[in-house]
Amino acid sequence: MGGIVRGLCCVFAVVSALTTAAHARPQNAIVLATTTSTQDSGLLDVLVPRFEKESGIEVKVIAVGTGAALRMASTGDADVVLVHAPDAEKKYVGDGDLVEGRPVMHNDFVIVGPPEDPAGVRGSKAIAEAMKAIAARAGFISRGDDSGTHKQELALWAAAGVDPRSLAKREETGQGMGATLNVADQKRAYALTDRGTYLALRKRLGLTIAFEGDPTLLNIYHVYVVNPAKHKNIRIEGARAFVAFLVSPVIQQVIGDFKRQEYGQSLFFPDALPRRQ
Amino acid sequence: MSELLDGMRQSWGLLAGSRSGVAVIAARTVLISGAATILAVLIGVPSGYAIARTRFRGRTLVLGFINTAMGMPPVVVGLVVWLLLVRSGPLGYLDLIYTRGAMVIAQFLIATPIVVGFTVASLQALPPRLPDLLAVLGAGRLRTIWLLAREAKLGLLVAVMAGFGGIISEVGASMTVGGNLERSTRVLTTAIVTETSRGEVERALALGVLLLALSFAVNLTLTVIQQRRRA
């Protein structure tokens, strides 16, 4: 169901973006193509109105999958993109569609499991070790729905040299993150989840974080402007203003503080600030 | 129309050529819904008989409840069963949540009122003096029940078919209490939901056709029994 709705939203978003591009656009409006995660978390609801107020530039947010957002850039239908697929982004940077990229923030995936940690995952040094421990000793509940999280999980098994199909105690729910965490909770099994969903549901789950912090579990968001030399009608000043806004120290602080009070830890970690040692 | 047929033909290719899991899912679907139907018949037919043949205070109220329960949203039944069976719930110690057993329980609860309702209706449609007549003719109690059941065969088999049809096509409760786990609790209806949300519409359609075919095969068998020596 969610998939259909999302699909329709994508179609609607692309169509509206195309009509936006086709018609003469107001001088002071930019199109931001981004992923559903930034929208669903509520982060953009905080950032966009603030930018609009400070700059007087209207932002039309088109929240689609990362792939669709990048395609909008390659057709010149967006002015600025905020995405989290570094490997896929490289191609568009190479083709000259995206320029002036800056890292903005990251969030991450975590492995959750029963508090008593039956597979002994907690002592693992690296994610591959953790996945092997789960494979050898415990159950694992997978999304199995071809989502970004599911793809990430399959990549983790591959990197650990484990064939997930061979695991007797790995099950696929074919459902969303919340339903999958419920099953993992009841089955006393492990699961891969984005930190945000886990934090939002943590209160009614017995699951605790069993492994976190490996670099491969990072979800890194970059912002780019669409190349005005390659595409017509790009609102380059507005796009640059939005990039400058996102990487400014004040807004980086806002990103780091987003929902931190509510969840006791950050949902997004700012990346554009000079690193403190 | 030809596009739909073409789509179906392609779908069969998809099913036949790809995952062998489809046959397993289909067999599991029939086993779970079949077990729930058999239990519902074992409980529902005698209950229906008792309600149809006896008069007691509050009988109409009971019938009213049963008629309401016949149309109960399966997903609500699923939610209640889920709350009972989760580890923190009153029956959590049974460790049944997200198992085929949990699905049988939920489907049994959905099918039983349907079986009871149809049983009552079919027995009450018999001539009211028939049991007395059978008694006069020297039939014992069990023999009376058997003869009545034979007379009400048409309606009783409708009860079985309606019960089975109601749960094999049901998705909400199966998803909630079974969890749609690929290797243990995924049935045809929940598989259709998953394939649809993945955008695999052709596969979803093929599974839908398979579900209809299975349902048809079971009902055809029951109909043959029902119509035997009647034409």
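**Group meeting: a predicted two-chain model**

Hi everyone, let's start with chain A: of its 277 residues, 41% are buried, where buried asks for 20 or more other C-beta atoms within 10 Å of the residue's own, with C-beta atoms placed from the backbone. This is a predicted model, in which local features need pLDDT of at least 70 and side-chain atom pairs count only at pLDDT 80 or more, while totals for chains, interfaces and linings use all residues. Residues are numbered from 1 along each chain as its sequence is written, and chains are lettered from A and ligands numbered from 1 in the order in which they are written.

On confidence, chain A has a mean pLDDT of 86, and 89% of its residues reach 70 or more; pLDDT is the predictor's confidence in each residue, from 0 to 100.

Now the fold. Chain A has 12 helices and 10 strands, taken as DSSP runs (H or I, at least four residues, for helices; E, at least two, for strands) and numbered from the N terminus. Of the contacts in chain A between residues at least 6 apart in sequence, 72% join residues at least 24 apart.

Let's look at one helix pair there. The axes of α6(A), residues 127–137, and α7(A), residues 148–160, come within 9 Å and cross at roughly 90°. Axes here are lines fitted to C-alpha atoms, for helices over the stretch in contact, and angles run from 0 to 180 degrees between N-to-C directions. That makes α6(A) roughly perpendicular to α7(A), a label for angles of 65 to 115 degrees. From α6(A), A:Ile127, A:Ala128, A:Met131 and A:Lys132 meet A:Leu156, A:Trp157, A:Ala159 and A:Ala160 of α7(A).

Over in chain B, α10(B), residues 188–197, and α11(B), residues 201–227, have axes that come within 8 Å and cross at roughly 165°. The two are therefore roughly antiparallel, the term for angles over 145 degrees. Among the residues making this contact are B:Leu188 and B:Ile192 of α10(B), and B:Leu207 and B:Leu211 of α11(B).

Finally, how many residues of chain A are in contact with chain B? The count is 16, meeting 15 residues of chain B. On the chain A side, α1 (2–22), β6 (170–172) and α8 (177–186) each give two or more residues, and α1(A) has the largest share, with four. Thanks, all!

Technical notes:
Contact = placed C-beta atoms within 7 Å. Buried ≥ 20, exposed ≤ 12 C-beta atoms within 10 Å, placed from the backbone. Parallel < 35°, antiparallel > 145°, perpendicular 65-115°, else oblique.
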